[in-house]
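Please look through the structure shown below before reading the numbered points, which go from a pair of strands to the charged side chains around them.

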Amino acid sequence: MSKDKMITAKNIKKRYGKTIAVNGISFSISKGECYGLLGPNGAGKTTTIKIINCLSPISSGEMYVCGMDVEIFPRKAKALMGVVPQDENLDPDLTVVKNLLVYARYFEISKKEARNRAEELLKFLNLYEKKDSLIKELSGGMKKRLLIARALINKPEILILDEPTTGLDPQLRHMIWQRLRLLKKNGITILMTTHYMEEASQLCNQIAIMDKGKILIEGNPLKLVEKQIGKEVIELRIDRDKEAELLIILNDFDFAHERVGDTLYLFSRDGQDLVKFLISHDYSHLLHRPSTLEDLFLKLTGRGLKE
């Protein structure tokens with residue numbers, strides 16, 4: 001196994017009774033990379049993270065962290081990782097800094113070193129002024145940043161984030177993205193799940209789109225979009241009963257299409273001529289824009305990410 005592979009999954013399956021949550025997925029994450037698991041709720045993303053973090057046993061397959069089988073060396077593997085859960089689980093009876101100091105004990109970090117690391121991380125995440133505040137006095141964004149600080153207290157080689165910016169306003173989201181980019185620049189490997197396509201575009205070198213426990217597609221997000229979608233998308237509001245007629249009229253153009261609700265999406269590598277043709281035929285209720293990761297997901301699964 002390559003030394004620069006921080007996480008390697010081989011044909012991982014996870015069953016809960018008759019339900020298959022993860023169905024034979026394989027992927028690898030290189031050192032210093034940010035890898036994104038994308039998909040709707042129930043796709044198997046969080047289950048995959050629990051397997052990597054040694055919180056859920058594998059039904060079949062193999063999972064390695066830094067070359068170590070997580071089933072055989074769970075304690076050693078966990079010591080190399082920091083995890084930011086989707087749901088806030090800070091200790092409400094402790095102050096901000098105490099949450100970090102108590103957590104540091106699990107890694108046998110000395111009191112002096114833990115204090116130094118805690119103060120450094122609180123400054124890094126703009127929380128230092130709140131170090132003596134109770135958890136109930138923090139906003140949602142502050143709690144999320146504190147969870148990230150806690151995950152970094154053991155100086156992990158791998159940072160795992162489950163929906164890191166869900167529920168946060170755009171300003172806080174961008175602030176967290178900036179901090180995560182700095183961590184990646186400093187050599188930390190990041191694995192994240194997200195519903196936000198912009199988040200994946202901003203941070204991820206590689207992505208895997210999951211649905212129903214399987215990986216549908218994997219690769220560099222920009223290259224995947226250009227290869228699978230093209231460079232442009234046309235959103236057209238059109239009734240279902242008129243769709244077939246329109247597609248016949250557009251037969252000479254090279255495009256793919258997908259309907260969601262009242263909107264027909266036309267995926268094209270060069271949409272200029274297609275737009276001109278539509279407008280000339282009185283189809284003027286349209287939006288012409290660059291293609292995105294959201295379009296890729298739409299094409300692969302036929303539904304929006306938040307469904």
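1. Strand β12 (residues 256-260) pairs with β13 in the antiparallel sense over 5 bridges, where two strands count as paired if DSSP finds at least two bridges between them, and where helices (H or I, at least four residues) and strands (E, at least two) are DSSP runs numbered from the N terminus. Within this pairing, E258 stands opposite Y265 in β13, and in the hairpin of β12 and β13, with 2 residues between the strands, G261 takes a positive phi near 60°.

2. This is a predicted model, in which local features need pLDDT of at least 70 and side-chain atom pairs count only at pLDDT 80 or more, while totals for chains, interfaces and linings use all residues. Residues are numbered from 1 along each chain as its sequence is written, and side-chain values use heavy atoms, with hydrogens and water left out.

3. Strand β13 (residues 263-268) also pairs with strand β11 (residues 232-237), in the antiparallel sense over 6 bridges, and there L236 stands opposite L264. In β13, 6 of its 6 residues are buried, where buried means under 20% relative accessible area, exposed over 50%, and partly exposed in between (1.4 Å probe, protein chains only). In a regular strand the side chains alternate between the two faces of the sheet. In β13, T263, Y265 and F267 point one way, and L264, L266 and S268 point the other way.

4. Which residues does D295 contact, leaving aside its neighbours within four places in sequence? D295, in helix α11 (residues 293-301), is in contact (heavy atoms within 4.5 Å) with I229, V233, Y265, F267, R289 and P290. D295 counts as buried because its relative accessible area is 2%.

5. The structure holds 6 salt bridges, a salt bridge being a side-chain nitrogen of Lys or Arg within 4 Å of a carboxyl oxygen of Asp or Glu. One of them joins the side chains of R237 and E235 (3.8 Å, N to O), and salt bridges that share partners join E235, R237, R289 and D295 into one network. E235 is buried at 12% relative accessibility, whereas R237, at 45%, is partly exposed.

6. In helix α4 (residues 111-124), E113 and R117 lie 4 residues apart, about one turn of the helix, and they form a salt bridge whose closest N and O atoms are 2.8 Å apart. E113 counts as partly exposed because its relative accessibility is 28%, while R117, at 16%, counts as buried.
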